[in-house]
Amino acid sequence: MSDLTELADRYISIWNEPDEAKRAAAIADLYAADATYTDPLADVSGHDGIATVITGARQQFTGFEFKILGAVDANHHIARFQWELVPAAGGENIVIGFDVIATDGAGKIKTVSGFLDKVPAGA
């Protein structure tokens, strides 16, 4: 389980990485080339598609950061966890989500299935 907890931490850190080149390198390192990302707002595949979704979220929520909320629950090659989006300067979360990550045989992320539990009005 510790490997998948570390993987979830790396996954969240990518969403917080401000440098586009570093973010792209981290995506290439963490995700399989044909990885998919699906949530209520996006359904993409590949490194470029995933990078586009993350860049869009960072632009929409400038001044906020993603954090894992609670413990990562994992078995075999699958992890699930809740996350929150909070002001970087501190304060209450404005978004809460729940992601399920499955890895391939090499330990890279193969699929992400995301759900939104709390979203701000108009988002």
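How many salt bridges does the structure hold? It holds five, where a salt bridge means a side-chain nitrogen of Lys or Arg within 4 Å of a carboxyl oxygen of Asp or Glu. I will go through three of them after the overall fold.

Some ground rules. This is a predicted model, in which local features need pLDDT of at least 70 and side-chain atom pairs count only at pLDDT 80 or more, while totals for chains, interfaces and linings use all residues. Residues are numbered from 1 along each chain as its sequence is written, and side-chain values use heavy atoms, with hydrogens and water left out.

The protein chain has three helices and six strands; these are DSSP runs numbered from the N terminus, with helices (H or I) of at least four residues and strands (E) of at least two. Starting at the N terminus, the order is α-α-β-β-α-β-β-β-β. The radius of gyration of the protein chain is 14 Å, close to the 14 Å from the globule rule for 123 residues, so the chain is as compact as a globular protein of that length. That radius is taken over C-alpha atoms, and the rule is 2.2 Å times the number of residues to the power 0.38. The C-alpha trace spans about 40 × 30 × 25 Å along its principal axes.

Next, burial. Of the 123 residues, 36% are buried. Buried means under 20% relative accessible area, exposed means over 50%, and partly exposed is in between, with a 1.4 Å probe and protein chains only.

On charge, the protein chain carries 9 positive and 18 negative side chains, and the centres of the two sets are 2 Å apart. Lys and Arg count as positive, Asp and Glu as negative, and His and the chain ends are not counted. Each charge is placed at NZ of Lys, CZ of Arg, CG of Asp or CD of Glu.

Now the individual pairs. Asp29 and Arg10 form a salt bridge at 2.8 Å, N to O. Asp29 is in helix H2 (residues 20–30) and Arg10 in helix H1 (residues 2–16), so this pair ties together parts that are 19 residues apart in sequence. Asp29 is partly exposed at 48% relative accessible area, and Arg10 is partly exposed at 32%.

A second bridge joins Glu65 and Lys67, with their closest N and O atoms 3.5 Å apart. Glu65 is partly exposed at 25% relative accessibility, and Lys67 is partly exposed at 38%.

Arg80 and Asp73 also meet in a salt bridge, 2.8 Å from N to O. Here Arg80 is partly exposed at 42% and Asp73 is partly exposed at 37%.
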